[in-house]
Amino acid sequence: MSVDADVVVIGGGGAGLAAAVSAAEHGASVLLFEAEKELGGSTQLSAGMLTAAGTSVQRELGIEDTPERFFQHYLDLNQWQLKPGLLKTFCREAGPAVEWLIGLGAEIPAKVSHDAHTPGLTRAGVEDVWRGHVPKDQGYGLVQVLDRARRKAGAEAVLNTRVERLLVEDGRVAGVVADGIEVRANSVIVTSGGFAQDPALRSRYYPDADTAGEDLFVVAAPGSRGDHFAFGEQVSASITGEGWGLLLPTAYFQRLHHWQSGFPPRSRVLVNAHGRRFMDEDASYAVSSGIISAQDGPVWMVFDDRARRDLPPGYAHWNADHVLSEADAGRTLRAGTLEELAGKMNVPADALQATVDRWNAQLPTGEDPEFLRHETLSAKGAAEPPAKIATGPFFAARTLPAELVCTHAGLEIDSSAAVLDVRGDRVPGLFAAGEAGAGVLGFRYVGGGNAVANAVTMGRIAGRSAA
């Protein structure tokens with residue numbers, strides 16, 4: 001058949017751009033459709049961090065790491081509920097994908113970074129060695145690098161055009177229909193993102209998000225509408241990853257990405273309905289949401305007025321005045337003593353007092369023998385321990401997993417990023433990557449950079465396979 005392009009890519013986020021560049025590098029003519037008015041998707045809104053093993057960045061810092069170690073950690077954290085073959089490919093290819101990006105112009109210096117926003121290598125999650133590769137200019141910078149490479153490779157992008165359906169002929173995907181026009185291709189790659197912005201699909205495929213109720217807020221791109229499910233239905237594609245996604249723990253009053261909302265005070269303690277501390281307050285979100293969700297009853301973040309006043313200005317939510325206004329409105333609890341605060345929290349006063357006394361006797365002196373938060377603070381570059389929680393009035397803000405970042409249910413793919421049908425066979429001519437191509441992101445997010453690494457790595461593989 002005559003084709004309009006060798007490869008059509010549906011979606012221009014990190015996965016779609018990586019797929020388009022990769023396919024073009026392998027000699028294919030490429031046409032990319034993006035439903036929104038600009039490229040970038042959720043990748044552009046992210047910190048841009050990629051988790052990967054065995055990279056030149058690690059080696060220059062003297063860190064010995066291998067894809068095999070990464071694979072073992074990844075599968076163990078996800079209790080081996082993911083296909084080992086697919087994960088082995090991802091872990092093996094993530095490092096080369098980082099090198100590929102560097103070769104395209106991404107700046108990831110061989111420097112130690114203590115957060116997700118300073119270029120370099122940082123602690124991504126609960127890994128045994130640091131694997132978080134932070135690029136200059138965050139996700140926006142990453143998208144700019146990929147888009148420059150797309151233009152240089154000659155892959156055409158059509159913006160503000162939402163693909164309506166796949167063209168399927170004789171059991172094979174033969175193109176797409178966009179704006180009522182048939183566009184024929186040898187292969188199609190679905191990289192349309194997740195479904196975080198669609199309430200009905202969230203309830204169907206990620207009901208945990210509904211448990212946040214009115215506190216839920218979504219930071220995924222507007223185009224995260226779950227288009228991949230309709231495409232998959234056309235070809236009886238298998239869906240995997242149901243019930244999995246990434247909800248970050250936040251105070252109830254946060255409504256934006258952390259770099260816009262701000263960050264909670266260092267001098268804080270998280271307590272459960274029994275008035276007891278139960279975790280390292282700075283634990284990676286690879287595990288923290290699960291720990292909080294496992295508690296009996298509401299979780300409270302307790303801090304004092306000194307901590308409130310020490311919050312840096314300029315943030316939308318975590319700043320001194322905003323916290324005060326929330327307390328004045330009665331939504332954040334406030335009391336002159338811990339005993340009074342415990343009454344408002346409906347937790348045992350003696351347990352809360354003992355928890356704060358124990359915290360004050362340990363962390364401000366530099367040690368946290370029970371939860372080892374001093375080690376986490378050190379990894380974050382903290383020069384001094386947090387101050388005591390001792391200056392009234394005292395505050396308690398309800399804390400729960402409520403910031404929806406990405407969703408993990410999508411079209412099941414194999415290690416070549418080919419989409420599988422309900423029998424487990426490949427759907428001829430159809431590939432997927434990123435949130436739309438499921439099987440890499442598990443029920444446990446391995447840490448910062450998991451989603452972007454998945455998008456770029458599997459997008460790159462999809463482009464190569466489709467070409």
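Let's start at Gly54, which is partly exposed, with a relative accessible area of 27%. On the scale used here, buried means under 20% relative accessible area, exposed means over 50%, and partly exposed is in between (1.4 Å probe, protein chains only). Gly54 sits in the loop between strand E3 (50-51) and helix H3 (56-60). Helices (H or I, at least four residues) and strands (E, at least two) are DSSP runs, numbered from the N terminus.

Before going on, a word on what you're looking at. This is a predicted model, in which local features need pLDDT of at least 70 and side-chain atom pairs count only at pLDDT 80 or more, while totals for chains, interfaces and linings use all residues. Residues are numbered from 1 along each chain as its sequence is written, and side-chain values use heavy atoms, with hydrogens and water left out.

Back to Gly54. Not counting residues up to four places away in sequence, Gly54 touches Arg59, Asp65 and Thr66, where contact means heavy atoms within 4.5 Å. Gly54 and Val98 are 44 residues apart in sequence, yet 10.0 Å apart in space, C-alpha to C-alpha.

Strand E3 takes us into a sheet. It is an open one of three strands, in the order E3-E5-E4, with antiparallel pairing; two strands pair if DSSP finds at least two bridges between them. E3 and strand E4 (120-122) are the edge strands, each pairing on one side only. Between E3 and strand E5 (residues 132-134) there are two bridges, in the antiparallel sense, and Thr51 has Gly132 in E5 as its bridge partner.

Now look at His73, in helix H4 (residues 67-77). His73 is buried, with a relative accessible area of 17%. Leaving aside neighbours within four places in sequence, His73 is in contact with Val126, Glu127 and Arg131.

Next comes a pair of helices. Two packed helices are described by the angle between their axes and the distance between the axes. Helix H5 (residues 84-104) and helix H6 (residues 138-153) pack at an angle of about 70°, with their axes 9 Å apart. The axes are lines fitted to C-alpha atoms, for helices over the stretch in contact, and angles run from 0 to 180 degrees between N-to-C directions. H5 and H6 are therefore roughly perpendicular to each other; that label covers 65 to 115 degrees, with angles under 35 counted as roughly parallel, over 145 as roughly antiparallel and the rest as oblique. On the H5 side the contact brings in Trp100, Leu101 and Leu104, which meet Leu142, Val145, Leu146 and Ala149 in H6. The residues of this contact divide into seven nonpolar, no polar and no charged. Here Ala, Val, Leu, Ile, Met, Phe, Trp, Tyr, Cys and Pro count as nonpolar, Asp, Glu, Lys and Arg as charged, and the others, Gly among them, as polar.

Ile10 has Phe33 in E2 as its bridge partner. In a regular strand the side chains alternate between the two faces of the sheet. In strand E2 (residues 30-33), Val30 and Leu32 point one way and Leu31 and Phe33 the other way, and all are buried.

Helix H1 (residues 14-25) is mostly covered too: 11 of its 12 residues are buried, including Gly14, Leu17 and Val21. Just after H1, Gly27 takes a positive phi of about 90°.

Asp179 lies in the loop between strand E8 (172-178) and strand E9 (181-190) and, at 52% relative accessibility, counts as exposed. Ala417 lies in the loop between E17 and strand E18 (418-420), but is buried, with a relative accessible area of 0%.

E17 also belongs to an open sheet of three strands, in the order E11-E17-E20, with mixed pairing. Strand E11 (239-240) and strand E20 (437-438) are the edge strands. E11 and strand E17 (residues 410-412) pair in the antiparallel sense over two bridges, and Ile239 stands opposite Leu411 in E17.

One more backbone detail: a cis peptide bond joins Gly392 and Pro393, with omega about 0°. Pro393 is placed in the loop between helix H15 (373-379) and strand E16 (394-407).
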